[in-house]
Amino acid sequence: MMIGELEQYREVAPKGTIDFLRRLSDLVQGKQFLHVSAVRYGGGMAEILRRLVPVMKALGIEARWEVIAGTQEFADVTRRIADGLQGRPHTITNEMYATYLDITARNARALNLDADLVVVHDPQPAALIDHRKGGKWVWRCHLDMGRPYRSLWTLFRRHVVKYDAAIFSLPEFAQRLPIPKLLIYPSIDPLTEKNRELSRAEIAQGLDRLSIPKGKPILLQVARYDRFKDQLGTIRAYRIVKKHHNCRLVLAGSGVLHDPEGEAVLAEVQEAAGNDPDIHILQLPPEANREINVLQRAASIVVQKALKEGFGVAVSEAMWKGKPVIGGTAGGVSAQIVDGATGFIVHSVEGAAFRIRYLLSNPGVMTRMGATAKEHVRRNFLITRHLGDHLTLLKLLCSE
Amino acid sequence: MTTAGTDNPFRFLGCSEIQEILGKQAEDERTLAELLEEVPLDSIYFHTHSFFLRHRFIERTYPNDFAEWVGEQVRDHVLAERLSVVDPFEYSSLEALREDVVSLIDDHLSGLATVPRAGFGTPFYFSRSRILEIPTGWEVRTLREFRAAIAEVDVSVIYFHVFEAHLRLQREENDFSAWIRNGLQLSELADRMRALNPYLGSLERLRSNLLTMCDEQLAKGGQE
């Protein structure tokens, strides 16, 4: 990405932001900023890094992104670690831990880890800190670590405490640590296929491809089929609303192939939907960014009423499309919704139904809330804010 | 009243904030008061002043994090309202502000049989600010240039010269009104800008008010 491409954000970022970022980058010219992660594709973190790193380069920062390599055994161990940090009762045997350290050491030899600031994402590459040669090192945790499985956290914590700081997405996701704990919210990129503007024709064609008829207000939930996402609760809320408003419910989630729990949840959701022709249950492939964009833009109201949630950046995605979002209190949902201004925070199925009815009965309020939601995201959850956070971090940590 | 610019230009500075989580949390109002006494002053700053930097567009029901938590999570509307009228601009230091907030909560609790707690709401998480000052490159010598810059700068510039100035300079004058008074010698306009209370709106509303004041002054004529 060249400087000209960075300028594309001038159209979507708040007033003065691009010039401000250039001035901020002047303070860290020539500094080396290295990201290390386990994957280059898939997941919100990789999506954002794919854009952040080139933009930082365009601003004169020597930004790089290294991805670790590993074996199947390593992938299995790190999956257990990630699950354990999120509270699942997994244990790591001495043999597993030795595999984790051994593959980490091999990566440390293969990768160039020299930089002024090294940001290591998530648990998979975290033990690279044991091979640090210089610079400041920060561990970026994208997981909800509010209640980790204790024995696993005790094992893993010994690596984390060697960092100069740790970054979390919400205060409640952090654990007690003797190093500074910083908070940086995730962000969305408004120029990607998932978030870019679509014409009316593109939206209409997209709905046709998904076999969603037009003519009724659409209530939408975008979430994988998982008990914590509470699609059943959303169906119950829809049924309450349906007595008063002729609307449609679209549940869109990624496929459940090789995921027995997801299959079970999907079956329950299909059973609950019965033969209601106005409930559409979609299984989308992970890369269905265009389809999600179409659905969010076609929807009247987006519901993200999960019982347990990470940051839930899908809330910002929907708000960016000018939609009011009705969400629960789990994870980062309530950090994104301004209750009564950009949508509503609800605590029950009935609460969700009431707010949906209220909005469907007051289209003017719905439009106004959607517009406010978009402006709220513009100022708080776009990649431009995220870029500013990273530049500030680079300056603050490397000046210490 | 001057008709030309000044030799003493106004240089606009912005700022960027990183939030540091302190790892201290309150689930009831007494714990909130106890922790308020021990957290660093940067935390008092974060929850009262830079609240506006984080909520720069949408005006919130309450003007600081303490009032917002008490009102929305504890649902103790009386204390939330009492905390809302604590105007940080009336305090000469963060320490004085801290003392008054603690004393206000203690006074409220002394009249209650039980300590209100968040219950189903989320705890109050204490954080503190790490603020980085950033030169914007904007430099102006006339009111017209000043107006043009205010319209275009990142909104953190407004925050820095109004909110930060209050603590940095330890005086009631903000950076804008000080320069308008001393640089442009427009004391009437300076008085109006000085009287702006930034705690009664968002930063964008503050920007809008500043622009209106500049426009009205420029409309009188004679100003460059």
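Chain A splits into domain 1 (3-187 + 382-398) and domain 2 (200-380), with bounds that come from an automatic or database domain assignment. This is a predicted model, in which local features need pLDDT of at least 70, side-chain atom pairs count only at pLDDT 80 or more, and totals for chains, interfaces and linings use all residues. As for labels, residues are numbered from 1 along each chain as its sequence is written, while chains are lettered from A and ligands numbered from 1 in the order in which they are written.

**Between the domains of chain A**
- The C-alpha centres of domain 1 and domain 2 of chain A are 30 Å apart.
- Domain 1 of chain A brings 10 residues to the contact and domain 2 of chain A brings 11, where contact means that C-beta atoms, placed from the backbone, lie within 7 Å.
- On the domain 1 side of chain A, you will find 5 nonpolar, 3 polar and 2 charged residues (nonpolar: Ala, Val, Leu, Ile, Met, Phe, Trp, Tyr, Cys and Pro; charged: Asp, Glu, Lys and Arg; polar: the others, Gly among them).

**Between chains A and B**
- Here 21 residues of chain B are in contact with 27 residues of chain A.
- Strands E1 (10-26) and E2 (124-140) of chain B are the elements giving two or more residues to the chain B side; strands are DSSP runs of E, at least two residues, numbered from the N terminus.
- E2(B) gives the most to that side, with 8 residues.
- The chain B side divides into 9 nonpolar, 7 polar and 5 charged residues.

**Strand pairing across the chains**
- Strand E6 (residues 181-183) of chain A and E1(B) run antiparallel, joined by 3 bridges; pairing requires that DSSP finds at least two bridges between two strands.
- Leu182(A) sits opposite Glu20(B) in E1(B).

Methods. Contact = placed C-beta atoms within 7 Å. Helix = DSSP H or I, 4+ residues; strand = E, 2+ residues; numbered from the N terminus.
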